[in-house]
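Welcome! Here is a short briefing to read alongside the sequence and the 3D view.

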Amino acid sequence: FPSRPLHARDEASTTMTAYAPVSAYAPQTRRDLLIEHIKGELYHGFALGLPQTYGETMAKLERMIEEHRALDGVPGARVSRLKELVPTIGRFHTPLPLEEAWRRYDFKYCVSARSQVP
């Protein structure tokens, strides 16, 4: 593994420095822009204290993914809204029922009832 210093020392120092391995999969190098977009969309409802908007946000994202799937691979088709927002988005081979998934997850873990989410 390549390594990087844990802390900086001046060049005149005779103390040895400790090194930590650098992972090729560090979070700052491997960001999924779709996940970042979804987190950003959900943040607005959480910051405003509007938990009812989480399901609406998931439904909106589900519609955007369906639009992207419908336009993907069609010659001369316009660029989907999702592709405009997340340029690195790839191809979706199956539908993603995000709204239903959100309802099930929220029913089980009560995320929308929380005042702080870790």
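A salt bridge here is a side-chain nitrogen of Lys or Arg within 4 Å of a carboxyl oxygen of Asp or Glu. With that in mind, Arg31, Glu36 and Lys39 are linked in a network of salt bridges. This is a predicted model, in which local features need pLDDT of at least 70 and side-chain atom pairs count only at pLDDT 80 or more, while totals for chains, interfaces and linings use all residues. Residues are numbered from 1 along each chain as its sequence is written, and side-chain values use heavy atoms, with hydrogens and water left out.

**Salt bridges**
- A search of the whole structure finds nine salt bridges.
- Glu36 pairs with Arg31, their closest N and O atoms being 3.0 Å apart, and Glu36 also meets Lys39 at 3.4 Å, N to O.
- Glu36 and Lys39 are three residues apart in helix α1, so about one helical turn separates them. (Helices are DSSP runs of H or I, at least four residues long, numbered from the N terminus.)
- Arg31 is exposed, with a relative accessible area of 51%, whereas Glu36 is partly exposed at 28%. (Buried means under 20% relative accessible area, exposed over 50%, and partly exposed in between, with a 1.4 Å probe and protein chains only.)
- In helix α4 (residues 98-109), Glu100 and Arg104 lie four residues apart, about one turn of the helix, and they form a salt bridge with closest N and O atoms 2.9 Å apart.

**Helix α1**
- Helix α1 covers residues 33-48, and its 16 residues should span 22 Å at 1.5 Å a residue; the end C-alpha atoms are 23 Å apart, which agrees. (The expected span is 1.5 Å times one less than the number of residues.)
- Asp32 caps the N-terminal end of α1, with a side-chain oxygen 3.0 Å from the backbone nitrogen of Leu34.
- After α1 comes Gly49, whose phi is positive, near 70 degrees.
- The buried residues of α1 are Leu34, His37, Ile38, Leu42 and Gly45, and they pack against α2 and α3 (81-85).

- Leu82 lies in helix α3 and is buried, with a relative accessible area of 0%.
- Leaving aside neighbours within four places in sequence, Leu82 is in contact (heavy atoms within 4.5 Å) with Leu34, Met64, Ile65, His68, Ile89 and Phe92.
- Glu67, in helix α2 (residues 53-71), is buried as well, with a relative accessible area of 15%.
- Beyond neighbours within four places in sequence, Glu67 is in contact with Arg78, Ser80 and Arg81.

How values were computed
Helix = DSSP H or I, 4+ residues; strand = E, 2+ residues; numbered from the N terminus. Polar contact = N/O pair within 3.5 Å; in protein donor to acceptor, adjacent residues only side chain to side chain.
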